[in-house]
Amino acid sequence: MPVLQTTNLTKKFGKFTALDGVNIEVNEGEVYGFIGPNGAGKSTTIRILLGILKATKGNVTIFGKDAWSDAVSIHERIAYVPGDVNLWPNLTGGEVIDLFVKLRGGNNQSRREALIKRFELDPTKKCRTYSKGNRQKVALVAAFSSDADLYILDEPTSGLDPLMEKVFQDCVLEAKQAGKSILLSSHILSEVEKLCDRVGIIRQGKIIESGSLSEMRHLTRTNLLVETKQDIVALSEVEGVHAIEREGNEISFQVDTEKLDDVIRYISKFGLVKLESAPPTLEDLFMRHYEGNITAGAGREV
Amino acid sequence: MAGLTKNTGKLSRFLLRRDRIRIPVWILSLAIITYTIALSFTDLYGSKADRQAIAETMLNPAMTAMVGQGYGLDNYTYGAMMAHQMLLFTAITVAIMSILLVTRHTRSDEEDGRIELIRSLPTGRLSNLFAALNVVFMTNFFMALLIGFGLAALDIESMDLEGSLLYGAALGAIGFFFTAITAVFAQLSENSRGVIGLSFFVLGIAYILRAIGDVSNETLSWISPLGWILGAEVYVNNYWWPILLTIGVSFILCILALYLNGIRDLGSGFLPAKPGKKHASVLLKSPLGLSFRLQRTGIIAWAIGMFVLGASYGSVLGDLDTFFEDIDMMKQMLAPVDGYSLTEQFITMLMSIMAMISTIPALMAQLKLMGEERKNRTEHLLSRAVSRTRLLSSSLIISILVSFVMLSLAALGLWSAGSVSINDGMDITVVYQAAIVYLPAMWVMIGLTAFLIGFLPQVSSWVWGYLIYSFIVVYLGNLIQFPEWMSSLSPFGHIPQIPIEDMNITAVTILTISAIGLMVLGFIGYRQRDIGG
């Protein structure tokens, strides 16, 4: 049974439909990447998962319980990090962490200290003096020092420097190894690629793509750069080839991943001198979805 | 070291541009209030006998401690009255204005990184502080002139040009002093809260030193800048030298502030920011503890304020009868009731006022929940194992406790000062009963707020309108003679006026039940709705 499941989740604010039949499934021990442009409905979804907003239609179950009516007992096993952390200016970081850990229940002092050290946070400073990155660290330390089964992270690395991003990624992977489940909403695609087992892309309140990264890669294209002894004849007529560009003797183009075999066979007839290939990135996929042309022939440069 | 103050002029104009509404509002409100009070004196106390009667009531230590030493009490002219009753409080307001304006343009800007931007432009190291001092000095200077010439122009008997200008100058001088002292603190403390805190601390100390000094030992008053300006004996002896003293000290403090500004790093302060607590105390680790902790300072300030308010009402009770005989307006507000003294009648009216004022901090405690929601902080709690019921009840508990504590303190203050000023003392149980009977009405207001938070969160602050309505119909109702039904629309209108009226169990019970009902509805609504943010 999935740890978290939404079926046909719909949320309306007045006449505006923020979410329209969203289905998400996060399984045990899995890192689920939740990506989409600003205003697509990521945070709305997360706030419904947390029982802060009430769904207009559809079901949300976490640990087999209803996210709205059983919110409190669910939250005992959840750790949440918001994207925009607002803290009380007159409390110190250490006080806020203790409060958060205590409110969830449970208390792991040694983990708290270790995380404060890893994130290089000074817990004796008042929250008003913290930069955005430091406020984010307070929320991250509070989340990871609690012994949760599901981590809901809403753009958790915004404001962190690359070193701290690395610390964050280690924390996520450690949690995953410990069999925890993680829902990671993010804009940083390299992060999602590195951490996530499965990805859901949301756009204008609808999930437009979901699945494992390898499943999704069939939707994208491999970038090839080749140089051949003879000119490749009629390359543009080969099925699955897009966006041909010539630069001197070299030709760069994109190939639909499932047609790669055919295309390589074809061009090898012309005597390969040079062959460079770049794997399809999540970014390609993402960009194509953002622009709304999944099937269009006009490919793009990487 | 040339160029330390480069572009100060441009910066000053820029600060004036930023405050083009704020500064005129301060100056005009101060001036208009001063004019209005001066004019109202001529209405209220038409004859010399009226004024002497009032002077008698002022002749007690509690009054002296509160408003300062009276000069010219034997010939209590309008001018002497103005300087005695209004100068100190206006001076405190001017001090507050100066503290807020200086902090806003020094440490607040620095803390938020705006001075860094200014400093990266071709401006001198001292330019910003210099410009801020310029602007606030100018503000005080114009305020002094406006009040001085304005008072003279009212052409009130005994308020001549020299006295009026001195009155304005006294206010301007105290403004200069607090401008300068705040500028010094802006160099010492690393954050704006610290600057405001230290400056208000000095203001408080200045007030208390003067209060103790005026009552017991005059030398003590001469340590306080507030004592200096009152020592000018405006409209009575018109001494100018205390004003010059105040201005002189202010300039020395300014030079100190500029010097300190010159030798420190941007963003740093001379007082080390002490590290805060590494761990949360046991008390903090619950929604209730958090809610209390966030409002602690405010609640303590209100508690002190309510006690002082009660005490200041109590201190005038002794001379009440003399006071009432002379004032028609007061007679109209309190029609005599057989078998009860004016004092007892007056207490019931005071209680309704104090109950309504005590409602303010209670409602603030309750509405804090909405403020937190708007700042997106309730989600930290609700995303953890905290139910909405627990969150709302934490807020309600604090609100109800605050209502009880504030009202009790006001009553205690009234009793403690009253029993000193009234010759045969006061019975604490009577006073306390008269106060505590208002709790059910306060709870209805709290319940209404909870209801609004549950069902109409966007308009929850409308409850203030209802409180203002209650204040108008209940307090002024006697004076303006509103129809009965208008005051019955307010919960405060249903409270029996103990000791003059008998306890009305039915009314009090119905109010309590309505309060509980509204609270229950509040819970139902709050558990169902979306949390914003």
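Two residues are in contact if their C-beta atoms, placed from the backbone, lie within 7 Å. By that criterion, 24 residues of chain B are in contact with 26 residues of chain A. This is a predicted model, in which local features need pLDDT of at least 70 and side-chain atom pairs count only at pLDDT 80 or more, while totals for chains, interfaces and linings use all residues. Residues are numbered from 1 along each chain as its sequence is written, and chains are lettered from A and ligands numbered from 1 in the order in which they are written.

**Confidence**

- The model scores ipTM 0.72 and pTM 0.74.
- The mean pLDDT of chain B (the predictor's confidence in each residue, from 0 to 100) is 89, and 95% of the residues of chain B reach 70 or more.
- Within chain B, helix α22 (residues 439-455) has the highest confidence, at a mean of 97, and helix α17 (residues 328-333) the lowest, at 60.
- Where pLDDT is low, the predicted coordinates should not be read in detail.

- On the side of chain B that touches chain A, the elements that give two or more residues are α15 (287-316) and α19 (378-382) of chain B; helices (H or I, at least four residues) and strands (E, at least two) are DSSP runs, numbered from the N terminus.
- The largest share of this side, four residues, comes from α19(B).
- The residues on this side of chain B divide into ten nonpolar, six polar and eight charged; Ala, Val, Leu, Ile, Met, Phe, Trp, Tyr, Cys and Pro count as nonpolar, Asp, Glu, Lys and Arg as charged, and the others, Gly among them, as polar.

**Domains**

- Chain A is assigned domain 1 (4-214) and domain 2 (221-279), with bounds that come from an automatic or database domain assignment.
- The C-alpha centres of these two domains of chain A lie 42 Å apart.
- Chain B is assigned domain 1 (25-263) and domain 2 (283-528), and 32 Å separate their centres, taken over C-alpha atoms.

**The six-stranded sheet of chain A**

- Six strands of chain A form an open sheet of mixed pairing in the order β6-β7-β8-β3-β9-β10; two strands pair if DSSP finds at least two bridges between them.
- The edge strands are β6 and β10 (206-212) of chain A, each of which pairs on one side only.
- Neighbouring strands of this sheet are turned by 15 degrees against each other on average, direction ignored; axes are lines fitted to C-alpha atoms, for helices over the stretch in contact, and angles run from 0 to 180 degrees between N-to-C directions.
- Strand β6 (residues 78-81) of chain A is covered on both faces, with I78(A) and Y80(A) buried on one side and A79(A) and V81(A) buried on the other; a residue is buried if 20 or more other C-beta atoms lie within 10 Å of its own, exposed if 12 or fewer, and partly exposed in between, with C-beta atoms placed from the backbone.
- Four bridges in the parallel sense pair β6(A) with strand β7 (residues 150-154) of chain A, where Y80(A) stands opposite I152(A).
- Helix α5 (residues 132-144) of chain A lies across β6 and β7 of chain A and runs at about 170 degrees to β6(A).

**The four-stranded sheet of chain A**

- Four strands of chain A form an open antiparallel sheet in the order β12-β13-β11-β14.
- β12 (241-247) and β14 (272-278) of chain A stand at the edges with a single partner strand each, so one side of each is left without a neighbour in the sheet.
- Helix α9 (residues 260-268) of chain A packs on the sheet and touches β11, β12, β13 and β14 of chain A, its direction making about 5 degrees with that of β11(A).
- Five bridges pair β12(A) and β13(A) in the antiparallel sense, and E247(A) stands opposite E250(A) in β13(A).
- The hairpin of β12(A) and β13(A) has two residues between the strands, and G248(A) takes a positive phi near 60 degrees there.

**Backbone features of chain B**

- Most residues other than glycine have a negative phi, and most peptide bonds are trans.
- The peptide bond from I498(B) to P499(B) is cis, with omega near 5 degrees; P499(B) is in the loop between α25 (484-488) and α26 (505-528) of chain B.
- S158(B), which is not a glycine, has a positive phi of about 80 degrees, and S158(B) counts as partly exposed because it has 16 C-beta neighbours inside 10 Å.
- Y235(B) has a positive phi near 70 degrees, and Y235(B) counts as buried because it has 26 C-beta neighbours inside 10 Å.
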